[in-house]
Amino acid sequence: MTTALGLEDVRARTFPFPHRHFISAADLNAVQAAELLELADGFVDLNRQTSKKLDLLKGRTVMNLFFEASTRTQSSFELAGKRLGADVVNMSPRSSSMSKGETLIDTAVTLNAMQPDLLVVRHASSGAASLLSQKVGCSVINAGDGQHEHPTQALLDALSMRRAFGRVSGLTVAICGDVMHSRVARSNVSLLNTLGATVRLVGPPTLIPAGADRWGAEIHHDLRSGIAGVDVVMMLRLQLERMQGALVPSAREYFRFWGLDREKLAAAAPGAKVMHPGPMNRGVEIDSDVADDPNISLIQNQVEMGVAARMAVLASLAARLENRP
């Protein structure tokens with residue numbers, strides 16, 4: 001039976017974040033990543049209690065600045081901030097000032113004047129979060145920038161694996177599908193390597209970016225051989241909206257060769273788990289029979305872990321703010 005997690009328990013586990021901002025999964029070394037996962041694990045227990053509210057971020061302002069729509073990620077950060085006691089403000093510049101010609105720098109100057117403590121940013125352009133971090137006085141968290149990175153997604157994915165297997169080190173993880181357009185893939189390869197996992201990138205040659213062989217992952221161009229013997233099969237959404245030109249055949253043909261179903265999954269190790277960062281294209285990259293099987297799928301678990309992982313990041317960045325000169 002889990003003991004109720006209180007404020008003092010959380011404070012004892014919280015450590016100041018190693019950097020002022022969280023822009024990339026590469027910002028963490030193995031010890032720091034393990035500490036964040038341990039803290040996030042405690043927040044999972046807290047979130048399952050009747051009383052979920054702490055005052056760890058009381059008086060702090062968390063601003064969610066989403067230039068791209070993302071219900072799942074934005075809601076997750078909003079819940080994380082509120083459960084830690086912060087004041088949370090959601091902004092959608094895509095439907096307001098930015099549509100009137102305001103630049104990203106103009107937006108940064110405006111936000112800086114509002115004195116937020118933590119700024120969560122999602123943007124369609126790679127490097128946008130890093131640029132904002134240079135122009136504001138608060139801490140910036142990258143919630144996805146173009147095709148670059150999505151570090152808190154990698155953290156929640158690692159947390160899901162840790163709770164399912166009891167470890168991340170030593171696991172073999174296949175990240176499959178549209179690797180080219182996936183910021184999730186890039187962050188996961190980085191963090192999983194840091195945590196001691198073996199990573200494979202699996203997809204058609206048209207969807208594996210040039211230079212991926214230098215990421216620290218094995219490259220496979222056949223799904224069955226690519227997932228042979230792996231512990232985790234992570235399917236990626238086919239991002240048709242980002243594609244220029246005919247990089248894949250029809251959705252039906254894509255599923256035939258690259259969609260995960262039970263027959264293909266049989267090549268993985270016994271007890272293998274399936275993951276997907278969402279949203280899913282059912283019948284394109286994954287079969288519903290696999291995605292909805294609680295004995296195989298960690299997909300709903302990933303959603304739950306997202307709130308806890310983001311609570312850990314917010315709490316650690318706030319601790320750094322308290323301890324900085």
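**View 1. Contacts of R282 beyond its sequence neighbours.** Once the neighbours within four places in sequence are set aside, R282 is in contact with S288, A291 and D292. The coordinates shown here and in the views that follow belong to a predicted model. Two of these contacts are also described at the level of side-chain atoms: the side chain of R282 makes a polar contact with the side chain of S288 at 2.9 Å, and the side chain of D292 is likewise joined to the side chain of R282 by a polar contact, for which the distance is 2.9 Å.

**View 2. Setting and accessibility of R282.** R282 is found in the loop that lies between β9 and α11, the latter spanning 288-291. Although R282 and R237 are separated by 45 residues in sequence, their C-alpha atoms are 9.5 Å apart in space.

**View 3. The five-stranded sheet.** Five strands form an open sheet with parallel pairing, and their order across the sheet is β7-β6-β5-β8-β9. Its edges are formed by β7 (218-220) and β9 (273-275), each of which pairs on one side only. On average, and with direction ignored, neighbouring strands of this sheet are turned by 20 degrees against each other.

**View 4. Pairing of β5 with β8.** Strand β5, made up of residues 172-176, runs parallel to strand β8, made up of residues 232-235, and four bridges join these two strands. For C176, the bridge partner in β8 is M235.

Definitions and conventions
Residues numbered from 1 in each chain as written. Predicted model: local features only at pLDDT ≥ 70, side-chain atom pairs only at ≥ 80, totals over all residues. Heavy atoms only, no water. Pairing = 2+ DSSP bridges. Axes fitted to C-alpha atoms, helices over the stretch in contact; angles between N-to-C directions. Contact = heavy atoms within 4.5 Å. Polar contact = N/O pair within 3.5 Å; in protein donor to acceptor, adjacent residues only side chain to side chain.
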